[in-house]
Amino acid sequence: MLDLKDPIGSVTESSPSQIRIEIATAADFERHKSRLGIGQYLLVASGNNMYLLATIIAVRASHVDRRGDADGSADTGVFRFQIDTQPIGSLSIDGEFTRGAHSLPVPTELAYVTPPAVLAAVFSGQIKSSFTLGSLSIAPDVSFEIDGDRFFSKHVAIVGSTGSGKSCAVARILQTVVGIEGELNAHKAAQKNAHIVIFDIHAEYAAAFKLAETEKFTLNLLDVETLRLPYWLMNAQELEEMFIEGNEINSHNQISQFRHAVVRNKRKHNKSLSKVSFDTPVYFSIDEVVTYLENMNSEVIGKLPGEGKPKLSDDRLVSDRDEIYFDKVHQFVVSSTAGATKASNGPFHGEFDRLILRLRTRLADPRLSFLFYPVKEDGKALSTEDFADVVRQFIGYLTKSNISIVDLSGIPFEVLSIVVSLISRMIFDFGFHYSKNRHSTGHVSDIPIMLVCEEAHNYLPRSGGAQYDSSRKSIERIAKEGRKYGVTLMVVSQRPSEVSETIFSQCSNFISLRLTNTIDQSYIKSLLPDLSAGIGELLPNLSQGEFLAVGDAPLMPTVGRFALPNPEPHSRSVNYLQEWNAQWREINFDEVINRWRGAV
């Protein structure tokens with residue numbers, strides 16, 4: 001039962017978007033000044049049995065002159081204080097909170113500072129599936145609880161400028177999910193069913209999830225050395241993005257014959273399958289495909305009577321290209337108009353010179369061996385039968401891990417989009433088919449997966465060239481359809497205005513740390529319809545670790561503060577001033593150059 005005493009003022013103006021409160025006296029303002037800042041909360045009476053919970057969006061003081069004192073003394077200056085608030089919810093006399101203002105107060109209704117116990121009841125006692133996000137910025141002793149189901153079952157956006165504490169915020173949220181607190185594993189006795197995949201572009205998150213062996217927490221860390229990502233799982237768009245230059249005049253011929261060769265080679269190596277298409281995720285030999293294209297590129301057709309087929313240098317006619325073109329590069333007869341040796345160049349003779357050079361260059365690049373020549377632990381090449389294990393590695397089923405980190409820091413930038421696309425598409429397809437299997441027996445998916453896209457603006461840009469098409473398309477599909485199949489996104493970026501608008505428009509919860517760029521501030525405000533103007537103006541002034549949470553999961557737009565994760569992510573930042581003031585350092589340039597040369 002609410003029993004509020006000591007009002008600080010009364011309502012002078014009331015509208016659906018704003019309630020203005022006049023503070024009774026300057027002494028009342030001074031007494032409660034620490035509780036009357038922007039973003040803090042007041043309770044405003046609305047009738048006999050209801051209060052409005054309103055957030056402060058503006059505080060103003062005006063100077064008032066008093067004249068004509070009875071004793072004839074000089075004029076005395078005093079201040080008049082007014083507070084503008086935005087109603088965000090209703091609180092019954094029994095303490096039950098609901099979003100929205102059911103009835104507005106009329107002028108003269110009293111206003112009160114919200115007691116900490118009421119805040120604690122609202123933010124901790126009104127949630128069905130409680131998840132602790134941090135503490136209230138205005139009341140550090142009050143836990144900020146959100147609805148965990150609404151938070152993790154829908155897409156989340158976490159944004160903030162460099163240095164705002166974004167990585168620590170992500171690490172803290174995920175540590176809480178998997179039961180890490182103070183470098184201890186709370187679920188050591190019985191592992192939980194969390195499945196979280198992190199795209200880590202700066203190799204900083206592994207430190208946040210490495211615990212002592214005694215804690216029995218297994219981190220699934222996949223980097224360029226351990227990642228098993230065979231090229232034959234790529235779909236049409238990814239393969240063509242990898243090998244085809246769309247701006248070349250004969251790109252349509254390159255695409256048609258490349259597709260033809262891939263499909264034929266998939267059938268050759270998977271004879272037990274009756275239906276094989278370009279997108280079927282089964283093994284094919286990229287080297288054999290290149291060999292096939294080289295033969296097509298140098299093919300010569302015999303034109304003597306009864307020929308009309310490709311003709312090899314030993315005068316043999318090729319009846320079935322699929323039988324011999326994959327095995328080796330053949331020599332053909334020379335094109336001739338002479339009656340005894342009449343022959344003409346094949347339909348694609350010389351068309352694929354640039355394509356073949358591009359293919360050979362990519363296949364010879366040692367940085368891409370994880371894609372083109374992946375092997376198992378026993379040294380054998382991956383085949384169609386290993387498809388299940390390839391999928392298992394990403395959702396933690398090979399190592400029984402709750403957290404899987406895909407370290408993208410060692411992935412060449414030119415294939416970053418393709419790697420992100422391939423992994424995210426496989427996770428979506430797994431969720432899709434697993435959910436369909438569960439639906440067929442009357443159940444829903446019991447393997448929910450969250451995909452964390454760190455530094456999303458690097459591979460999910462709002463606008464960009466064709467090199468981003470595959471990753472953007474795969475993640476946008478998850479954004480639009482993933483929730484139905486148990487796959488959700490956490491999109492993390494320091495430049496939200498540069499991230500695909502389609503992806504952000506599907507996010508139901510936003511956590512914004514400090515944003516200093518005015519374009520990013522305006523963009524975030526435009527995405528959040530229930531964000532008041534006063535609260536939105538806090539974005540550039542939030543301190544490190546302080547955040548604004550808006551969406552379906554929090555009861556209302558709220559400013560909170562994250563506790564530091566333990567252990568913390570490690571971004572290996574350089575301390576410039578300390579290093580510049582140190583003694584001159586000699587370095588081994590040979591080591592640097594050797595590593596550089598090996599990397600490229």
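How are helix 5 and helix 12 oriented to each other, and what is the reason?

1. Basis of the note. The model is predicted, so local features need pLDDT of at least 70 and side-chain atom pairs count only at pLDDT 80 or more, while totals for chains, interfaces and linings use all residues. Residues are numbered from 1 along each chain as its sequence is written, and side-chain values use heavy atoms, with hydrogens and water left out.

2. Helix 5 and helix 12. Helix 5 (residues 236–243) packs on helix 12 (residues 416–440) at an angle of about 165°, and their axes are 10 Å apart. Axes are lines fitted to C-alpha atoms, for helices over the stretch in contact, and angles run from 0 to 180 degrees between N-to-C directions. The two helices are therefore roughly antiparallel to each other, a term for angles over 145 degrees. The contact (heavy atoms within 4.5 Å) involves Glu238, Glu241 and Met242 of helix 5, together with Ser417, Ile418, Ser421, Leu422 and Arg425 of helix 12. By class, these residues comprise 3 nonpolar, 2 polar and 3 charged. Here Ala, Val, Leu, Ile, Met, Phe, Trp, Tyr, Cys and Pro count as nonpolar, Asp, Glu, Lys and Arg as charged, and the others, Gly among them, as polar.

3. Helix 6 and helix 7. The axes of helix 6 (residues 251–269) and helix 7 (residues 286–298) come within 9 Å and cross at roughly 130°. The contact of helix 6 with helix 7 has 8 nonpolar, 4 polar and 2 charged residues.

4. An open sheet of 11 strands shows mixed pairing in the order 9-8-22-21-20-10-19-18-13-17-14. Strands (E, at least two residues) and helices (H or I, at least four) are DSSP runs, numbered from the N terminus; two strands pair if DSSP finds at least two bridges between them. Strand 9 (143–147) and strand 14 (219–222) are at the edges, each with a single partner strand, so one side of each lacks a neighbour in the sheet. On average, neighbouring strands are turned by 25° against each other, direction ignored.

5. Strand 14 runs parallel to strand 17 (residues 403–407) and is joined to strand 17 by 4 bridges. Leu221 has Ile405 of strand 17 as its bridge partner.

Note on methods
Angles under 35 degrees count as roughly parallel, over 145 as roughly antiparallel, 65 to 115 as roughly perpendicular and the rest as oblique.
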